[in-house]
Amino acid sequence: MSVFNAIDEERDIDVNEFTPSLEPQATWCPGCGDFGVLKALKQAMPEVGRTPDETLLVTGIGCSGKLSSYFQSYGFHSIHGRSLPVARAAKLANPDLEVIAAGGDGDGYGIGGNHFMHTARENHDMTYIVFDNEIFGLTKGQTSPTSPKGHKSKTQPHGSAKSPIRPLSLALTSGASYVARTAAVNPNQAKEILAEAMAHDGFAHVDFLTQCPTWNKDAKQYVPYIDVQDSDDYDFDVRDRREAAEAMHEAEDALYEGKVLTGRFYIDDERPSYQQEKQATGDMPETPLAERYFDDDYEWERSYDLLDRHK
Amino acid sequence: MTDDELIWRIAGGSGDGIDSTSQNFAKALMRSGLNVFTHRHYPSRIRGGHTYVEIRAADEEVKSRGDNYNFLLALGDSFARNPQEEAYYGNEEIKPLTENLDELREGGVIIYDSGLLDTDEIPDFDERVEANNWHVFDLDLRGLAKEYGREIMRNTAGIGATCAIIGLDLDVVEELMTNAMPEKILEPNLEILRESYEDVKENYDTDVGVTVPDSEHEEEPVLISGSHGIAYGAMDEGCRFIAGYPMTPWTDVFTIMTQHLPDLGGISEQVEDEIAAAALAIGASHAGAKAMSGSSGGGFALMSEPLGLAEITETPLVLVESMRAGPSTGMPTKPEQGDLEHVLYTSQGDSNRVVFAPGDARESYVQTRKAFELAYNYQIPSIILYDQKLSGGHETVPESVFDKEPNPDIGSVVTEEDIEEGERLAGRFKRYRYDGEDGVSPRSLPGQKGGNYLASGNEHNEAGHISEDPDNRVTQMDRRMSKLDAIRDELDEMDKSHQTVYGDEDADYAILNFGSTKGAVEEAVDMLNDDGHSVKAMNVSDMLPFPKGEVNSFLEDVDEALVVEMNATAQFRRHIQGETGRHGDKLYSLLKYDGNPFEPTDIVDGFEARLDGSAEPAHNTRIESATGD
Ligand SMILES: Cc1ncc(C[n+]2csc(CCOP(=O)(O)OP(=O)(O)O)c2C)c(N)n1
Ligand code: SF4
């Protein structure tokens, strides 16, 4: 008998299940783009068909990290930049869980950049949402890895000398098998993309443009966005790595010229997830590790059988 | 120290196969009924450099590498004979002899490879041989090895010669080689072994007084290192997830577990850095697996923040810290006990963790099992603190120590009925609800119906919602901190305490130590008591929670106590004083931090220097009073 009964359940799922019954007062500022992520995520869940109890949302630290407080599911509000390693191990221990990691651009592309690169490279089966507001929100408006060159802040009073990171290209070259960008001002696309990302088998990276009206007045989200898939100007094969790379570069350049391009940039349905790769090499059990501790019939192999080699 | 023992040293260059050869030979000695203790000395480089392995074997229990040694097998250094290297490092070929002679006991035996080494190059060799009454065997090991196979097999020739001299049955060695070697190289090795054995038997006088005593084990032993003790302890306790990043000497535990976990249905992950490693262990544990990670000094420093995260989210976690000399990257292959305070206090906020420091391979196994049990029952991180010496040194341990049932229990987890009946807050399960005595709140696991909650590194209320309410803060802090009291009570009640007391109970003088100094201290106590002193020793393993009661009563009636530890700032002595709040006037420190472990005579000298000035503190050791002179 499994203790994880929730996982075997099949039923219709309602958006409202993802709202805590007595919703804690969201501490986000009025007009913050983070509300858009929360809403899109809740709306995507019924499409994915996962209940709050089947879902583990791991967040980092920042305004964005508070997502797990306002989203009803199993939540883990971890430490700055480290949501990915926590999330991917939970997925390895119990692959039946729907695992989502989320955090800000500082959290994910700055302090957690190393984990981003490696989680993408390993293609863990999970969804990663980065709230990209081009600023450090919670610590009051410092320059972030996605702030434009020349951006002035208290920590870069003369304007940043650094070029912004290119999150889509970085995800692609690191090995993510699904890469998309969406925006809080475009709720329908955001919902669709999040649902698709969760359904994807492998590492799905969603760069989610959010506005921070408090610290970042140049919020691009007020500029009309263009959906790359709907536009006649952008014709590329989303399953072709090279074409995707080019489209990403264009989108990343355009963003700082005031043109917001969103949509799916890369989809690789063929590549096995990390868990599948690991199973193929014999390094990963077939049944979830976490189940084993509750299975009375499971025979625990004893490591002292290994002692023969020490005699 | 007795004369009825063999301390065999094989010396040469890293990459000469000294490790594998000595492993086999140590096993052969064990199979012949002897107790064995091995010590590995190596520089921080991959090939070349001076390296040796020492094997001490005796009828009685051997607890340390002992003082000096009585049998040297000196091989050449294949790397140093590379002409370029020779130009850079000078003539290293003679090093296996010159580097090792100082510690060879009087009457000891030398085998050197005359195919590689030339004693003429050591200016005073002959005088020293005569003065120390050494027995020298000049054997062309390399030549013999070449004749039957490849010259790397000169190790085997050395073993054959050793057996002839110490009177060890060749059958035992042959059997071990047959099991351990691939077919292709087995036959030439066996020929070399026999040929070399016969040669020495026939052409040399082997009656030199260094032999192995006849012996028999009371209980079937195994030969394992402290790292094996930890790895096997973890696996027997149901640990099936490990994440790590290589760093000497922690790598030993990591690789042993990685080698076996997939076969046991587990998962091992080599990840991008140590922050990730600890965070992965937390993620796996949160999802319901028994998980561990670990590192050495610098890597453990990176784990500081995840460690605190485990404390506040109450995620069970076991970490291993294998100390090497610091600060920073320090001396990667040398032991020290300088990370004690680092491990006790690292991470922000008040420390809430269990720390055990096992003293030998047996304790490594037993205490790792306990560390897991406590981590999972109390939802608190446990740390196993040990050092480079215990990491790699092998000891004979009775097999019966391991004979326990595996333990898949992951501690207090609610059932779905519990969840249904339980209270909820803002729609979430009250995961951090407090209704027990031991501070533990039963947890739900992701995937359990109705059990969702928020595990947060921020202070939180019973359902995990972030809260800065002052009363909630105090309630949650007090609950978490109360676990240590409950754990202390549990440890005190265990039939076998982790602290071991050695020597005469009513002794006037005491020695206190922790971790891998255990064996050397116990041998020193024997030596001191044989010399008419009245000494006892306590090896403390529980660093947190600290066994105040046991330490207080141990120190109650002694005149003075010497705290022996391998660091420069007397961290353990300060810890004792801090935890007991007493004994400052009684405590003295004997410190050593030159990269070498304490030998029994270092401790004897330190003790006598402190007690009556009848000895000098040994080279590179220092005595310090608690109050400061
Ligand atoms: C190790 C560590 N360093 C620094 C901080 C302080 N800190 C908290 S949030 C944050 C930046 C958040 O920026 P971002 O990730 O972009 O998220 P946002 O608040 O904009 O959503 C920083 C630097 C921390 N909590 N931990
Ligand atoms: S500071 Fe910016 S990111 Fe943070 S809540 Fe306010 S608007 Fe949102």
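Start with the largest pocket of this predicted model, which has a volume of about 1100 Å³. To find its centre, select B:Asp360, B:Arg362, B:Val397, B:Pro398 and B:Val401, which are the closest to that point among the 46 residues of the lining. Next, colour the elements of chain B that each supply at least two residues of this lining, namely β2 (35-41), α15 (361-378), α16 (388-392), β14 (394-398), β18 (500-503) and α19 (518-530). Of the elements, α15(B) gives the most, with 7 residues. If the lining is then coloured by residue class, it divides into 19 charged, 15 polar and 12 nonpolar residues.

Stay with strand β18 of chain B for a moment and select B:Tyr502, which lies in it. Is this residue buried, partly exposed or exposed? B:Tyr502 has a relative accessible area of 22%, and because buried means under 20% and exposed over 50%, it counts as partly exposed. Leaving aside neighbours within four places in sequence, show the residues in contact with B:Tyr502, which are B:Lys63, B:Glu522, B:Val525, B:Asp526, B:Lys536 and B:Ala537. A distance drawn from the C-alpha atom of B:Tyr502 to that of B:Lys518, 16 residues apart along the chain, comes to 9.8 Å.

Now move to the second largest pocket, whose volume is about 730 Å³. Its lining comprises 35 residues, and those nearest its centre are B:Ser20, B:Thr21, B:Gln23, B:Asn24 and B:Ala180. Two or more lining residues come from each of α1 (18-31), α6 (154-166), α7 (170-180), α8 (183-203), α9 (226-236) and α10 (251-260) of chain B, and α1(B) gives the most, with 8 residues. By class, this lining holds 14 nonpolar, 14 polar and 7 charged residues.

Finally, turn to chain A and select ligand 2, around which are A:Trp28, A:Cys29, A:Cys32, A:Cys63, A:Asn133, A:Cys212, A:Pro213, A:Thr214 and A:Trp215. Which classes make up this shell? Around ligand 2 there are 7 nonpolar and 2 polar residues, and no charged residues.

Conventions: Residues numbered from 1 in each chain as written. Chains lettered and ligands numbered in written order. Predicted model: local features only at pLDDT ≥ 70, side-chain atom pairs only at ≥ 80, totals over all residues. Heavy atoms only, no water. 1 Å grid on protein atoms, 1.4 Å probe; cavity = no way out; pocket = protein on both sides within 12 Å on 5 of 7 lines; lining within 4 Å. Points joined across faces, edges and corners; volume = space filled by probe spheres on them. Helix = DSSP H or I, 4+ residues; strand = E, 2+ residues; numbered from the N terminus. Nonpolar A, V, L, I, M, F, W, Y, C, P; charged D, E, K, R; others polar. Near = heavy atom within 4 Å. Buried < 20%, exposed > 50% of the residue type's maximum accessible area, 1.4 Å probe, protein only. Contact = heavy atoms within 4.5 Å.
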